[in-house]
Amino acid sequence: MSGLVELRSIDVVPDEERHGRAVSQFTLWLGANLQITAVVTGALAVVFGGDVVWSVTALLLGNLLGGAVMALHSAQGPRLGLPQMIQSRAQFGVRGAVVPLLLVVVMYVGFFASGSVLAGQAVGELTHTNDTTGIVVFAAVTAVTAAVGYRVIHALGRVASTVCALAFVYLGIRLLERADVTALAHDAHFSLPMFLLAVSLSASWQLAFGPYVADYSRYLPRTTSAKATFWWTLSGSALGAQWSMTFGVLVAATAGEKFLASQVGYVVALGGTGLVASLFYFVIALGKLTVNVLNTYGGFMSMVTSVSGFRGQRRLSRTGRAAYIALVMAAGTAVALLGKDSFLSSFKDFLLFLLTFFTPWSAINLVDYYLISRERYDIPALSDPNGRYGAWRWDALGVYALGLLAQLPFLATGFYTGPLVDPLGGADISWIVGLAVPAPAYWLVARRNAAVPPEPPEDAKRGAVPSAEGLTAP
C-alpha cells in the first residue's frame, strides 16, 4: 500500500520515478468524459432551443477546438514533470499566480459539487437512502481515492473507460430503439446563436480540464513524445465527451420533460429495471467518481501551489495532503447540498462563466510555454519570489485582466448579458475573444522581457535530471 500512495505534490517528479506510456492519457480522459454530467451538457444544447443535427455538429466543433487547447497543456507534463498550475508562476510570478489559482480552486469546487449532485442520486438509489446521504457518501469515497493519488487515479480511468464505454453502447442501442432518428434528422433548423451556444458548452467543458491536465501526464518518462501525449489526450477527451454529449442531445430531443425531471433516473430506466437498474446506478457513480477525483486532486494541488507561493514550501506531508483534500471535499459537498434542487438551471451559467476566466489563462500559458520560453523553465526559480520570475509579473496580470474585460461585451449568462450579444443575435462568442485578445497581447509584452532559461547541460538533454532540486527542465 505504501508504494501505491503518492508522496509528491507540487515538487518535480525525478526521472527515476517516471513511468507509463502516453496511451494512459487516452483511457484516463475517455473514462473521465463518459459520464452523466457530460450527457447533461450535451442535453443543454437542445433544452435551450437547438435541434439534433446542428447541436451534434456544434458540440463536435467545440470538443475539437477546446480539446486541442487542453491537449497542448497535457503535452507539458512529461517535459517538465510539474503540476499544471505551478507553471503559471513563470507567467504571473511566484505570488502573482495566486490570481488565476484562486479562480481554479473555485472551478474545482463547482465541478465537484455538480458531479456530486448527479452521483449522489445514483448512490442514494444504490444504498436505498436519499440524495443527501448519497452526496455525502460519494464525496467521502472521492476524497479517499484522491488521497491515494496518481497511480490509483489512472487505474480508475482504465476501469471506467471500459465499463462506461460498454454501458453507453448498450444505452445507445436502447435509446435508438425509441428514437425516430429520421424525423430528428429532417428537423434541422440552423440558428447561429444556438449553434454558438453548443460550441461554447463543449469548448468550455474541454477548456475547464486545462488547469489540471498536466497533473496526470507529469509522471510519464521525459522521453515521451509530446505529439503522442497531445494526440492520446485529445482523442480520449474529445471522443468521450462527444459520445456522451451526442447521447445527451438524443435523450433531450426524445424524452423532453421526463429527462428534465430526473436526469439520472431517466438514463437508468432506459437501461432496465431491478438488478440491471442497480448496475447502471453503479456505472453512473463510477463515471462521476473518475472525474470528481480529478477535481479533488487538482483542487488540493492548486491550493498547495497558492499557499506555497507565500510560504516557500516545496514538499507536503501526508497529514497536510489529507487536510487540503478534506477542505476541497467539504466545500464541494456544501455547495452540492445547497444547490441540488436547482442543478440544471444553474449548470449552463456555471460552465460559461468559468470559460470567461480560463480562456485568457490558457492563451497566456500556451504562448509563454511554446513561443516565449520554448518549453524550458528554470525549476528552482518557480519557488523563489526573488528569482528569475519574480514575485508578481504585473505585465502578465495586466494582459490577463485585459482578456477578462475584452470578453464582457460578448458574454451571455443568466445573470449578465453583454451589450454586443443582441447585435450578434444572442450568440455568445466571449470564449473566442478570450483566446484571441490575450494571446498576441502577451506575446508582445513578454518577448521584450523574456525570462528564458539557458540551454540545459548535456546530461539533462539525455534525461539524467532534474530531481526536485534540479536546475532547468530540458
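Me: What is the handedness of the crossing of H3 and H11?

Reply: In this predicted model, H3 and H11 cross in a right-handed manner. The contact between H3 and H11 comprises 17 nonpolar, nine polar and no charged residues.

Me: Why is H3 called roughly antiparallel to H11?

Reply: Helix H3 (residues 52-74) packs against helix H11 (residues 226-255) at an angle of about 155°, and their axes are 8 Å apart. Angles over 145 degrees count as roughly antiparallel. The angle of about 155° lies over that limit, and therefore H3 is roughly antiparallel to H11.

Me: Leu-60 is found in helix H3. Why is Leu-60 called partly exposed?

Reply: The relative accessible area of Leu-60 is 39%. Buried requires under 20% and exposed over 50%, with partly exposed in between. Because 39% falls between those limits, Leu-60 is partly exposed.

Me: How far is the C-alpha atom of Leu-60 from that of Ala-203?

Reply: The two C-alpha atoms are separated by 9.0 Å, while the residues are 143 apart along the chain.

Me: What makes Ser-24 buried rather than exposed?

Reply: Ser-24, which is placed in helix H1, has a relative accessible area of 14%. The limit for buried is under 20%, so Ser-24, at 14%, is buried.

Me: Which residues have the most contacts inside the largest nonpolar core?

Reply: They are Trp-29, Phe-247 and Phe-259, in a core of 131 residues. Helix H14 (residues 275-311) gives the most to this core, contributing 16 residues.

Me: Which residues does Trp-29 contact, leaving aside its neighbours within four places in sequence?

Reply: Trp-29 is in contact with Met-70, Phe-209, Tyr-212, Val-213, Tyr-216, Thr-233, Gly-236, Ser-237 and Leu-294. Trp-29 is itself one of the buried residues of H1.

Terms used: Residues are numbered from 1 along each chain as its sequence is written. This is a predicted model: local features need pLDDT of at least 70, side-chain atom pairs count only at pLDDT 80 or more; totals for chains, interfaces and linings use all residues. Side-chain values use heavy atoms; hydrogens and water are left out. A nonpolar core is a set of buried Ala, Val, Leu, Ile, Met, Phe, Trp, Tyr and Cys residues joined through side-chain atoms within 4.5 Å. Buried means under 20% relative accessible area, exposed over 50%, partly exposed in between (1.4 Å probe, protein chains only). Helices (H or I, at least four residues) and strands (E, at least two) are DSSP runs, numbered from the N terminus. Contact means heavy atoms within 4.5 Å. Axes are lines fitted to C-alpha atoms, for helices over the stretch in contact, and angles run from 0 to 180 degrees between N-to-C directions. Angles under 35 degrees count as roughly parallel, over 145 as roughly antiparallel, 65 to 115 as roughly perpendicular and the rest as oblique. A crossing is left-handed if the near helix is turned anticlockwise from the far one by less than a right angle, and right-handed if clockwise. Ala, Val, Leu, Ile, Met, Phe, Trp, Tyr, Cys and Pro count as nonpolar, Asp, Glu, Lys and Arg as charged, and the others, Gly among them, as polar.
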